[in-house]
Amino acid sequence: MQPFKPVLLEAVGVPDGYTLASYKSRGGYAPLEKVLAEKQPVDVVEMVKSSGLRGRGGAGFSTGLKWTFLPKDHPGPIYLCINADESEPGTFNNRILMEDDPHQVIEGIILSAYATRASTAYIYLRYEYPRSWHRLQAAIDEAYAAGYLGKNIRGSAFSLDIYLHRGAAAYICGEETGLIESLEGKRAWPRIKPPFPAIEGLFRKPTVVNNIETMACVAQIARRGIEWFKSIGVPADPANPRDPGSYGPKLYCLSGHVEKPGCYEAPLGITARELIDRFGGGVWKGRKAKAVIPGGISMGLMTESELDTPLDFAGPGKVGCLGLGTAAVVVIDDQTSIVDFLHNSCRFFAHESCGQCTPCREGTSWSLRMLERIKAGKGRLRDLDILLEIGNTMGMMPGSTICGLADGAAWPIKNAIKKFRGEFEDYIKRTNPSGWMVTDPVPALQIVGAH
Amino acid sequence: MIAQRTILTDEMVAKIEALAPRYPNRRALTLPALHIVNAELRHVPLQAVAEIAAVLGLAPAEVQDTLTFYEFFHQEKPHGTVRAFVCRSVSCALRGGDHLLEHLCHTNGIPPYGTTVDGSLTIEPAECLGACDFAPCILANDDLLKNMTPEAAEAELKKPRARAT
């Protein structure tokens with residue numbers, strides 16, 4: 001791999017890198033001034049569209065294309081929501097961008113608002129990031145004082161307000177329509193689509209929801225150009241007309257059993273093995289990896305032999321994972337029980353299912369109860385088939401839920417059992433020698449009489 | 001009828017009203033209002049819910065519906081002056097997060113979500129705190145405690161801290 005100089009993480013380690021003065025000294029806000037003076041909103045949409053930028057929040061949808069879904073000549077208001085509810089287990093790149101280079105994010109938001117003709121942007125920030133909250137608010141205040149926010153930005157006809165809005169510790173608020181409902185003051189129940197937010201979103205107005213890292217990319221595309229962005233990453237596969245390519249730098253979050261966990265910037269398409277060995281200092285304690293999560297827990301698992309898979313938008317899907325997700329790579333060493341991993345995953349999703357759709361609400365809690373029973377030494381081989389049945393039937397893909405949370409809950413179940421079935425069977429037989437072969441229904445828990 | 005306010009102070013109402021111009025309707029103030037009250041009182045009792053609803057022109061049930069969804073705002077009694085969220089999601093769990101939680105609950109004599117008798121500490125399991133590069137980690141009020149061992153965490157949680165913002 002060619003040496004690669006970080007761009008999105010340029011400010012990390014720079015003293016006072018989060019201040020306006022530091023950001024401007026690195027060339028920040030000059031591209032914004034140029035855009036406001038010389039370009040029309042449609043030019044910015046075209047720039048982002050032709051850069052090939054795909055949303056960094058998890059779904060990987062083309063950012064510029066998403067913007068074009070807004071109705072033409074809408075009288076307004078149009079809203080821009082920035083998704084900073086980074087809650088996918090293993091993911092922390094937005095936190096680093098907000099803490100270490102908030103102006104890069106803000107410049108991206110201003111450019112995106114200009115492109116989408118939004119005059120109000122809300123940053124939906126998860127509660128767990130108090131430092132990001134203070135850094136962003138200080139940066140927003142600086143930007144207002146310098147005329148980059150507010151009325152008639154830098155003498156142009158464009159005006160924009162950015163408001164921070166804090167969540168309250170719920171994973172589902174990262175789903176874009178859940179985020180919208182939460183911002184409106186309601187429980188964060190995702191909406192049935194269509195209508196998509198671009199047509200009817202926040203406060204029933206046309207809305208774009210974009211991720212923090214996507215905003216940082218927009219700022220860098222404006223500064224360095226389309227050609228620069230397209231020179232990084234993996235070009236579209238000519239054999240697959242539906243592959244739009246994976247361009248640009250990406251922030252990979254590396255954690256779990258590695259020597260040096262951290263957020264590392266690399267061209268899209270680096271392999272998990274390269275990431276672990278070159279950036280992470282290898283699997284910790286000289287051990288080997290048993291499994292690796294490619295992009296947040298909901299993307300499933302790769303086995304050791306699949307670690308040469310490129311981590312671009314198309315890569316993880318080729319080895320049965322859900323996708324690149326948030327590019328949060330979590331390493332699980334060979335001393336870890338895959339049963340423990342799956343229990344942890346099921347516990348997370350059972351806790352975070354919003355409860356709106358029955359297959360997800362019941363499926364996630366049922367799978368957790370089964371994993372608890374297996375861990376308690378009362379597992380049966382039949383349970384693995386039942387778990388797979390749950391995994392295969394809950395989610396947007398099988399068409400039984402409104403949002404993708406259940407698909408994310410299902411993927412670790414399906415991947416773990418498919419790729420590590422032998423380990424599950426051994427565990428069950430070893431811990432439940434007298435009952436592993438039973439196939440009768442498990443009786444409901446005895447209700448202890450209250451009177 | 002506007003109920004007499006007994007919990008929300010004029011200052012809290014002023015803080016809520018100061019945010020009103022940001023949103024096209026008052027229902028969007030629900031979460032900010034809950035945070036404003038919770039930051040002061042460390043819980044949001046039912047009476048406060050009714051008073052927030054009166055300020056925002058909503059039914060108390062609408063505010064309560066939102067509040068209960070998040071499982072974040074305590075209602076029965078205030079959480080401790082230090083509220084410690086101990087991460088139990090995958091990256092922290094792989095580096096001892098569950099053990100850390102168990103140890104802290106045991107040494108402080110409280111169950112998860114419990115508060116010590118003196119009201120100084122509440123320990124809650126948390127899903128991913130987004131600081132997996134410092135696993136296992138704890139968010140204690142506004143402070144991120146990084147790379148915690150059980151012993152280090154025990155000492156850290158005895159320290160007084162600025163209240164959460």
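Axes here are lines fitted to C-alpha atoms, for helices over the stretch in contact, and angles run from 0 to 180 degrees between N-to-C directions. Helices (H or I, at least four residues) and strands (E, at least two) are DSSP runs, numbered from the N terminus. The model you are looking at is predicted, so local features need pLDDT of at least 70 and side-chain atom pairs count only at pLDDT 80 or more, while totals for chains, interfaces and linings use all residues. Residues are numbered from 1 along each chain as its sequence is written, and chains are lettered from A and ligands numbered from 1 in the order in which they are written.

Let us start with chain B. Seven helices and four strands make up its secondary structure, and from the N terminus on they follow the order α-α-α-α-β-α-α-β-β-β-α. Along the principal axes, the C-alpha atoms of chain B fill a box of roughly 55 × 35 × 25 Å. Chain B is split into domain 1 (10–70) and domain 2 (82–156), with bounds that come from an automatic or database domain assignment. Between the C-alpha centres of these two domains of chain B there are 29 Å.

Now find two helices of chain B, H2 (residues 30–41) and H3 (residues 46–56): they pack at an angle of about 135°, and their axes are 11 Å apart. That angle makes H2(B) oblique to H3(B); angles under 35 degrees count as roughly parallel, over 145 as roughly antiparallel, 65 to 115 as roughly perpendicular and the rest as oblique. H2(B) and H3(B) cross in the right-handed sense, where a crossing is left-handed if the near helix is turned anticlockwise from the far one by less than a right angle, and right-handed if clockwise. Which residues of H2(B) and H3(B) meet? B:Thr30, B:Ala33, B:Leu34 and B:Val37 come from H2(B), and B:Ala48, B:Ile52 and B:Leu56 from H3(B). Contact means that the C-beta atoms of two residues, placed from the backbone, lie within 7 Å. By class, the contact of H2(B) with H3(B) has six nonpolar, one polar and no charged residues. For these classes, Ala, Val, Leu, Ile, Met, Phe, Trp, Tyr, Cys and Pro count as nonpolar, Asp, Glu, Lys and Arg as charged, and the others, Gly among them, as polar.

The strands of chain B come next. Four of them form an open sheet with mixed pairing, in the order E2-E1-E3-E4; two strands pair if DSSP finds at least two bridges between them. Strand E2 (121–126) and strand E4 (143–145) of chain B are at the edges with a single partner strand each, so one side of each is left without a neighbour in the sheet. From one strand to the next, the twist averages 20°. Three bridges pair strand E3 (residues 138–140) of chain B with E4(B) in the antiparallel sense, and B:Ala140 has B:Asp143 in E4(B) as its bridge partner.

Moving over to chain A, you will find domain 1 (20–231), domain 2 (246–333) and domain 3 (338–431) in the domain assignment. The C-alpha centres of domain 1 and domain 3 of chain A are separated by 35 Å. Their contact takes nine residues from domain 1 of chain A and seven residues from domain 3 of chain A.

Chain A also has a helix pair worth a visit. Helix H6 (residues 102–116) of chain A packs with H7(A) at an angle of about 60°, with the axes 9 Å apart. That makes H6(A) oblique to H7(A). The crossing of H6(A) past H7(A) is right-handed. On H6(A) the contact is made by A:Pro102, A:His103 and A:Ile106, and on H7(A) by A:Arg135, A:Leu136, A:Ala139, A:Ile140 and A:Ala143.

An open sheet of five strands in chain A has the order E8-E7-E11-E9-E10, with mixed pairing. E7(A) and E8(A) run antiparallel and are joined by six bridges, and A:Leu254 stands opposite A:Gly262 in E8(A).

Finally, look at where the chains meet: 42 residues from chain A and 32 residues from chain B take part in the contact. H13(A) gives the most to the side of chain A that touches chain B, with five residues. That side of chain A has 20 nonpolar, 13 polar and nine charged residues.
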